[in-house]
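Dear colleague,

Please find below the structure that I am handing over to you.

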Amino acid sequence: MNDQFRDKVVFITGGVRGIGKGTAEVFSERGAKLAISDLDSEELERLETEFSSKGTEIITDKVDVTVKEDIEEFVKRTINEFGKIDVCVPNAGAIGSSGFSDRKDYNDEDWDITYKVNVKGLVNTTDSVKGHMIERESGKIVIVSSQGGRKPRGVGDKGRGNVLNPYLVSKAAAIQFTHALAIELGRFNINVNTVCPGRLWTSFWQKIAENHKALNPDFADMDPYDIFVDQIKSNFPLGRPQEPRDIGNAIAFLASEDASQITGQALNVNGGNILD
Ligand SMILES: NC(=O)c1ccc[n+]([C@@H]2O[C@H](COP(=O)([O-])OP(=O)(O)OC[C@H]3O[C@@H](n4cnc5c(N)ncnc54)[C@H](O)[C@@H]3O)[C@@H](O)[C@H]2O)c1
């Protein structure tokens, strides 16, 4: 435990598992108060108990980021209960619509869900907090995008179809939105950055590995986790997957005073898989 974020309030969407939860752990260990939302109310309850028992002040709410009024409501509640929001981490994301793992090609629903959650849900989140941050002339926004938003595919993803295209385009939009928002909010002393994770074994990559297995005969007999590891070993200079806390540590850096002159940047946290 250290005091780096003592008395700071950190607002995270999609925070019950994966990168969102890893980020919550990093901030809680450095003294922050947490406001966590997600679609999954059972996991939210569990998370609240887990963090409270460690002494972290936490509030949670079931919020779908695609419903603007709901996210606005939770922002208001956070400010009422904790007095402010210092750090906002729009993290909730969608990879594709149902049946995604078995398909080679995208369908209309894939475009709709990735746009609704990864683009509009992100804008709903930042729109809901930015007025408060502007008033205080202080704030850090760290968006979770993806290295996939910079390059269409990582080397070695042989056999993959086009099913990921809507996801990749939505994450490119998140990176461009980061640049635009940083320009808009810089004069109010608000830093806006994005982290671009590479590959983590969360529900996201489980679905992608299942997709590789379904499409590529070379992978047909492999377990989805072994497909994931195989690709990491062949294509990532560091040879190991990222963990949720690796992304959380980078987010905490960008939200810290050490990064006070960094804004509008997209930071790869990807074991060297994509170099720009
Ligand atoms: N796992 C990876 O390899 C990887 C790589 C690059 C980027 N990312 C990005 O990281 C972020 C987190 O993904 P993860 O890998 O931790 O996946 P995850 O599935 O473990 O977590 C995503 C969370 O978002 C929540 N969520 C989904 N739709 C939502 C909505 N409409 N409203 C509120 N919450 C919603 C889910 O319930 C879930 O808890 C996503 O934006 C994803 O695109 C992941």
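This is a predicted model: local features need pLDDT of at least 70, side-chain atom pairs count only at pLDDT 80 or more; totals for chains, interfaces and linings use all residues.

The largest pocket has a volume of about 1,000 Å³. Its lining comprises 50 residues, and those closest to the centre are Gly93, Ala94, Ile95, Ser203 and Phe204. Two or more lining residues come from each of helix H1 (18–29), strand S2 (33–38), helix H4 (108–136), helix H5 (165–185) and helix H6 (203–215). The largest share belongs to H6, with five residues. In terms of class, 20 residues of this lining are nonpolar, 19 are polar and 11 are charged.

The second largest pocket has a volume of about 220 Å³. Here 14 residues form the lining, and Lys8, Lys140, Ala255, Ser256 and Glu257 lie nearest the centre. This lining divides into seven polar, four charged and three nonpolar residues.

Helix H5, which contributes to the lining of the largest pocket, also deserves a description of its own. H5 contains 21 residues and spans 30 Å from its first C-alpha to its last, close to the 30 Å expected at 1.5 Å a residue. Its buried residues are Pro166, Tyr167, Leu168, Ser170, Lys171, Ala174, Ile175, Phe177, Thr178, Leu181, Ala182 and Leu185. An α-helix has 3.6 residues a turn, so residues three or four places apart point the same way. The partners against which the buried residues of H5 pack are H4, strand S5 (139–144), strand S6 (190–197), H6 and strand S7 (266–269).

With kind regards

How values were computed:
Residues are numbered from 1 along each chain as its sequence is written. Side-chain values use heavy atoms; hydrogens and water are left out. On a 1 Å grid over the protein atoms alone, a cavity is a set of points where a 1.4 Å probe fits but cannot get out, and a pocket is an open set with protein on both sides within 12 Å along at least five of seven lines; lining residues have an atom within 4 Å of a point. Grid points are joined across faces, edges and corners, and a volume is the space filled by probe spheres set on the points. Helices (H or I, at least four residues) and strands (E, at least two) are DSSP runs, numbered from the N terminus. Ala, Val, Leu, Ile, Met, Phe, Trp, Tyr, Cys and Pro count as nonpolar, Asp, Glu, Lys and Arg as charged, and the others, Gly among them, as polar. The expected span of a helix is 1.5 Å times one less than its number of residues. Buried means under 20% relative accessible area, exposed over 50%, partly exposed in between (1.4 Å probe, protein chains only). Contact means heavy atoms within 4.5 Å.
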